[in-house]
Amino acid sequence: MNPLLISPAELGKLVGLATRTIYNRINERGDLPPVLRLGRLPRFALDDVHVWIDAKRTSETATATAAPARRRPGRPTKAEQIARRGRA
């Protein structure tokens, strides 16, 4: 077990998010690994961060294999208009 703790700035660099975004997600209880508080300073256990990243990676591949979202009905796109003209 790795007891190393990292700061929000280090987490941001690791996952490619701005430090302010990390703090906003902490305050809004957004999607982050478990937050440990040392006094008033938020810290993240490196093991928890790696587990969180792996979970994101597996959920991302699951959504990538899902069926594409259906387009809302409405005005056809330019490509659809041109395709209809070709069929007529």
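Which residues make up the largest nonpolar core? I started my notebook with that one.

**Ground rules.** I am working with a predicted model, where local features need pLDDT of at least 70, side-chain atom pairs count only at pLDDT 80 or more, and totals for chains, interfaces and linings use all residues. Numbering runs from 1 along each chain as its sequence is written, and side-chain values use heavy atoms, with hydrogens and water left out.

**Core.** I found 8 residues in the largest nonpolar core: I6, L11, I22, I26, L32, F44, L46 and V49. Such a core is a set of buried Ala, Val, Leu, Ile, Met, Phe, Trp, Tyr and Cys residues joined through side-chain atoms within 4.5 Å; buried means under 20% relative accessible area, exposed over 50%, partly exposed in between (1.4 Å probe, protein chains only). Helix 2 (19-27) and helix 3 (46-64) each supply at least two of the core residues. Helices (H or I, at least four residues) and strands (E, at least two) are DSSP runs, numbered from the N terminus.

**I6.** Leaving out residues up to four places away in sequence, I saw that I6 touches L11, L14, R43, F44, L46 and V49, where contact means heavy atoms within 4.5 Å.

Next I traced the open sheet, whose 3 strands follow the order 1-3-2 with antiparallel pairing; two strands pair if DSSP finds at least two bridges between them. Strand 1 (5-6) and strand 2 (36-38) are the edges, each pairing on one side only. I noted 3 bridges between strand 2 and strand 3 (residues 41-45), and L38 has L41 as its bridge partner in strand 3.

**L5.** Last, I checked L5, which sits in strand 1 and is partly exposed, at 34% relative accessible area.
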